[in-house]
Amino acid sequence: MIRTIAFIVLALAACSKDKPSTTPAGGGGGDGDMAANGSGDNPGVDPTLPSWAPPSCVQYHKLAIQVGECTAIAQADRDAVTQQYETRQAEWKALQNTEQAQLDAVKQQCDEAVTELTAKKSAACP
């Protein structure tokens, strides 16, 4: 009898490990966007960035934050960078059923912004 109970307990324990996890990939909780774009691992990254956003858009957001905090850059310039990012972010969120050409355009926007902001940050706040 004890052997039967022990066998059942061990069998249930072994079977419970085969169940698929209900937690999204990339960490506990949160929405799929966070897991997909890696922002769940870095709280400084916009958690609402669309899951399809290319990695350069994540880098763009990081740089926009860094430039916004760089007091060596004029406040008007920092505000313009923040406003431009927020405008683009709203445009990206509004995209639905996007075609590859639109996704390529977003990637190009982010790539160009990363280049621009990297230069701006390096010159003023190395």
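Predicted model: local features only at pLDDT ≥ 70, side-chain atom pairs only at ≥ 80, totals over all residues.
## What covers helix α4

Which residues of α4 are buried? They are Arg78, Val81, Tyr85, Arg88, Gln89 and Trp92. Looking down the axis of α4, you'd find these buried residues within an arc of 105 degrees, so they line one face of the helix. Over on the other side of α4, Ala76 and Ala94 are exposed.

Here's a handy bit of background for reading that pattern. An α-helix has 3.6 residues a turn, so residues three or four places apart point the same way.

## Checking the length of α4

Helix α4 takes in residues 75-94, which is 20 residues.

## How α3 and α4 pack

How do you describe a pair of helices like this? Two packed helices are described by the angle between their axes and the distance between the axes. For α3 and α4, the angle is about 155 degrees and the axes are 8 Å apart. Angles over 145 degrees count as roughly antiparallel, and α3 and α4 are therefore roughly antiparallel to each other.

The crossing of α3 past α4 is left-handed. On the α3 side, the contact is made by Cys57, Tyr60, His61, Ala64, Val67, Gly68 and Glu69. On the α4 side, Arg78, Val81, Gln84, Tyr85, Arg88 and Trp92 make the contact.

## A look at Ala124

Now hop over to helix α5, residues 100-124, where you'll find Ala124. Is Ala124 buried, exposed or partly exposed? Its relative accessible area is 28%, so Ala124 counts as partly exposed.

What does Ala124 touch, leaving out residues up to four places away in sequence? Its partners are Cys70, Ala72 and Ile73. Take Ala72: Ala124 and Ala72 are 52 residues apart along the chain, yet their C-alpha atoms are separated by 5.7 Å.

## Zooming out

Finally, the whole chain. It has 5 helices and 0 strands, and reading along the sequence gives the pattern α-α-α-α-α.

Of the 126 residues in the chain, 23% are buried. Among contacts with a separation of 6 or more, 50% come from residues 24 or more positions apart.

Terms used:
Residues numbered from 1 in each chain as written. Heavy atoms only, no water. Helix = DSSP H or I, 4+ residues; strand = E, 2+ residues; numbered from the N terminus. Buried < 20%, exposed > 50% of the residue type's maximum accessible area, 1.4 Å probe, protein only. Contact = heavy atoms within 4.5 Å. Expected span 1.5 Å × (residues − 1). Arc of directions from axis to C-beta. Axes fitted to C-alpha atoms, helices over the stretch in contact; angles between N-to-C directions. Parallel < 35°, antiparallel > 145°, perpendicular 65-115°, else oblique. Left-handed = near helix turned anticlockwise from the far one by under 90°.
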